[in-house]
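The sequence and structure are shown below.

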Amino acid sequence: MNTEEYMKQADQYIVHTYNRFPIVFERGEGVRLYDTDGKEYLDFAAGIAVQALGYSCTELKDALKDQIDKINHTSNLFYHVPLADAAKKIVESCGLSKVFFTNSGTEAIEGALKAARKYAWLKDGRTDHEIIAMKNSFHGRSMGALSVTGNAGYQDPFRPLISGIRFADYNSLDSVKALVNDRTCAIIMETVQGEGGIYPAEKEFLQGVRKICDEHDILLILDEIQCGMGRTGTLWAWQDYSVAPDIMTCAKAIGCGVPVGCFILNEKVAEHSLEPGDHGSTYGGNPFAARAVSTVFDIFEKKDIVGHVREIAPYFEQKLDGLTEKYDCLAERRGKGLMQGLVVQGRPAGEIVSAALEEGLVVITASGNVIRLVPPLVIEKSDIDEMAEKLGKAIEK
Ligand SMILES: *Cc1c(COP(=O)(O)O)cnc(C)c1O
C-alpha cells in the first residue's frame with residue numbers, strides 16, 4: 001500500500017477524534033523521523049514530550065527485547081523483577097514514598113484523585129469533598145481526569161462530570177484562596193501547563209499554594225506528566241520551586257514510548273489512603289512497562305540527560321527568542337528548559353505547523369495559538385540551528 005492508501009484505510013476504520021496531519025510515519029532514528037515516502041523530518045515534538053531519549057535508543061530497545069524473551073506480563077497478583085527495580089528508582093528520584101503504576105497519564109490522574117478523596121474520607125468521613133483544579137489545565141479525557149481539566153470545550157458534551165470540582169485561575173493565589181473551604185481535600189495543577197499553552201507556574205504561586213495546603217491539610221497534586229522527567233532542567237519540574245507535592249503524577253517520558261504512567265504518594269498519604277481492594281490495574285506496571293521505566297532511569301543517569309537539558313536549554317531559548325524578534329507573527333516565547341511555546345498572532349499556529357512539516361520539521365500546537373516545542377532531550381546545538389532555520393522558512397511561506 002502507498003501513503004494515500006494507508007491514510008484512507010485508517011480513516012475508514014478509526015473513530016474520528018483526531019484531525020491527523022497527512023503523514024504516515026514508518027521509523028525513527030535519534031531525533032529524526034521517516035515517512036513511508038522516505039522523507040526525513042527533524043522531530044521537535046517527540047510524540048508529545050514522550051521520546052525523551054530520541055527514537056530507536058539501542059540500550060532501551062535491547063532491554064525491551066530481553067524482557068519480551070523473559071516475560072512480558074504476569075498481573076499484579078504476583079511480584080516480578082522489573083517492578084521492584086522501577087518502583088525503587090522512581091520513588092527515590094523524587095523523595096516521595098510509594099508508587100502505583102498505570103498505563104497512561106489519565107489513569108495516573110484518576111488514581112491520584114481517588115487517593116486524595118480516600119485520605120480526606122479517612123480523616124473526617126465526609127462524602128462531599130471538593131478538589132480545586134486550574135482553568136486552562138489539561139489532565140486527560142476520562143471522566144475523572146476530564147472533570148479536573150479546565151476546558152469547557154472538552155467538558156461540556158460529557159456532563160455530568162464528577163462533582164465537587166472548583167476552578168481557580170492558574171498563577172493567581174487569591175483565586176485559589178477564594179475557593180478553599182473545609183470540604184477542600186486537594187489542589188491539582190500542572191507544574192508547567194502544557195496543552196493549555198505552555199505556562200510555567202510562578203514561584204510565589206506554587207509556594208503559596210503549598211502553604212495553603214500545609215495550613216489546611218489539603219493535598220497538593222502536581223501533574224508532571226508532560227513537564228516531568230528532565231524536560232524543564234530538573235528531573236521533576238517542582239524541584240526548581242523549593243516545594244514538594246503530596247502526590248505526583250507521571251507518564252509520557254517515563255516509558256519513552258512504552259505506555260506507562262504512575263502516581264506517587266508521600267509518606268503521609270501512602271500511610272493513610274489506598275488500601276488493598278481500593279484500586280487496581282491488570283496491566284499497570286507489568287514487566288514490559290516496568291522494564292522500560294527502569295531502563296529509562298538507568299539511561300538518564302548514565303548519559304546525564306538532565307545535565308544536558310540544563311546545558312542546552314539556554315541556546316534553545318536564545319534561538320527561539322531570535323525568531324520572536326525577527327517575525328512579527330511571533331508575539332512571545334514562554335516556557336522552561338526544553339518545553340517551550342511560541343505565541344502566534346495574526347494567523348493560525350496550525351498553518352505554521354503544517355508549513356514546518358513540509359519543510360521537514362515536526363512541531364505541534366498547544367491551545368490553538370501556540371507553537372509547542374517539546375523535542376527529545378538529547379538534541380544537540382546543530383539540531384536547534386536546523387529547527388530555527390526550518391521554522392523560519394515555514395513562517396515565511
Ligand atoms: C498528556 C497529559 C495527560 C494525559 O496523559 P495520557 O497518557 O494521554 O493519558 C495528563 N496530564 C498532562 C499534563 C498531560 O500532558
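What radius of gyration would a compact globule with 397 residues have, and which value does the protein have?

## Overall dimensions

The model is predicted. For 397 residues, a compact globule would have a radius of gyration near 21 Å; the protein has 21 Å, which agrees. Along the principal axes, the C-alpha trace spans about 60 × 50 × 45 Å.

## Fold and surface

The secondary structure of the protein consists of 14 helices and 17 strands. Of the contacts between residues at least 6 apart in sequence, 71% join residues at least 24 apart.

Buried residues make up 54% of the 397 in the protein. The protein exposes about 17800 Å², and carbon and sulfur atoms supply 50% of this area.

## Ligand site

The ligand is surrounded by Ser 104, Gly 105, Thr 106, Phe 138, His 139, Glu 190, Asp 223, Ile 225, Gln 226 and Lys 252. By class, this shell comprises 2 nonpolar, 5 polar and 3 charged residues.

For Asp 223, a polar side-chain atom lies 2.7 Å from a nitrogen atom of the ligand. On its own, the ligand has 380 Å² of accessible area, of which the protein covers 83%.

Terms used
Residues are numbered from 1 along each chain as its sequence is written. This is a predicted model: local features need pLDDT of at least 70, side-chain atom pairs count only at pLDDT 80 or more; totals for chains, interfaces and linings use all residues. Side-chain values use heavy atoms; hydrogens and water are left out. A residue is near a molecule or strand if one of its heavy atoms lies within 4 Å of it. A polar contact is a pair of N or O atoms within 3.5 Å; within protein, one must be able to donate a hydrogen and the other to accept it, and residues adjacent in sequence count only if both atoms are side-chain atoms. Accessible areas come from the Shrake-Rupley method with a 1.4 Å probe; for residues, only the protein chains shown count as cover. Ala, Val, Leu, Ile, Met, Phe, Trp, Tyr, Cys and Pro count as nonpolar, Asp, Glu, Lys and Arg as charged, and the others, Gly among them, as polar. Helices (H or I, at least four residues) and strands (E, at least two) are DSSP runs, numbered from the N terminus. The radius of gyration is taken over C-alpha atoms; the globule rule is 2.2 Å times the number of residues to the power 0.38. Buried means under 20% relative accessible area, exposed over 50%, partly exposed in between (1.4 Å probe, protein chains only). Contact means heavy atoms within 4.5 Å.
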